[in-house]
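The model is a predicted one.

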Amino acid sequence: MKDNIILVGFMGCGKSSVGKRVSYMLKRTLIDTDVWIEQHEKMTIPEIFEKYGEAHFRDLETKCIQELIRTEHNRIISTGGGLPVREENRKLLHELGQVIYLKVSPETVYQRVKHDTGRPLLQTPDPVATICELMDRRKECYEDVADVTLSNDGEQFDEVLSYFEQFR
Ligand code: S3P
């Protein structure tokens, strides 16, 4: 297994903010799969969804992980919330490194994403229901892929960060 640290979890679970802090703390480069895809495709995520659909975006996620396995080590890698849903991707994530699942409640997600228009899957008439339904469907995938699970609701940010001290 490679020595990357991979953050997985639902939209709004804090992968990006935890990723940034951990990257700074451990002096390791942060790679965000959404940013990687946007840079390679020269399009934003909403544009990719709109022009080519979700299935195409999922193919790009698989391609991204395959490429990272070939090229990266000793990185912090933050992943898109839907990436672990594909079984193939879960296997690939284990080749890439240690997988940390940041677990949050649907309420936390809603509070963090309610003003955000950059997540196409949550642009629905009832985002709370969408979050609950999607989270319910994905829960098993996150649990299945996780080497470690950390709760990241409310005030738990410092506790989450302290887990990563061991990698210094
Ligand atoms: C998605 C999550 C997003 C992004 C895309 C789809 C999902 O990433 O990959 O909008 O299916 O959960 P974040 O989890 O960083 O918001």
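## Helix 6 and helix 7

In this predicted model, the contact between helix 6 and helix 7 is formed by Pro106, Val109, Tyr110 and Val113 on the helix 6 side, with Pro127, Val128, Ile131, Cys132 and Met135 as their counterparts in helix 7. Sorted by class, the residues of this contact comprise 9 nonpolar, no polar and no charged ones.

Helix 6 spans residues 106-113 and helix 7 spans residues 127-145; the two pack at an angle of about 130°, and their axes are 10 Å apart. Helix 6 is therefore oblique to helix 7. The helices cross in a right-handed sense.

Ser105 belongs to the loop that links strand 4 (97-103) to helix 6. Its side chain forms a polar contact, at 3.0 Å, with the side chain of Thr108.

When neighbours within four places in sequence are set aside, the contacts of Ser105 are Met135 and Asp153.

## The ligand site

The ligand is surrounded by 13 residues, of which Lys15, Asp34, Arg58, Arg119 and Arg138 are the closest.

Which distances separate side-chain N or O atoms of Lys15 and Arg58 from oxygen atoms of the ligand? For Lys15 the distance is 2.5 Å, and for Arg58 it is 2.6 Å. Arg119 likewise places a polar side-chain atom 2.6 Å from a ligand oxygen atom.

Note on methods
Residues numbered from 1 in each chain as written. Predicted model: local features only at pLDDT ≥ 70, side-chain atom pairs only at ≥ 80, totals over all residues. Heavy atoms only, no water. Axes fitted to C-alpha atoms, helices over the stretch in contact; angles between N-to-C directions. Helix = DSSP H or I, 4+ residues; strand = E, 2+ residues; numbered from the N terminus. Parallel < 35°, antiparallel > 145°, perpendicular 65-115°, else oblique. Left-handed = near helix turned anticlockwise from the far one by under 90°. Contact = heavy atoms within 4.5 Å. Nonpolar A, V, L, I, M, F, W, Y, C, P; charged D, E, K, R; others polar. Near = heavy atom within 4 Å. Polar contact = N/O pair within 3.5 Å; in protein donor to acceptor, adjacent residues only side chain to side chain.
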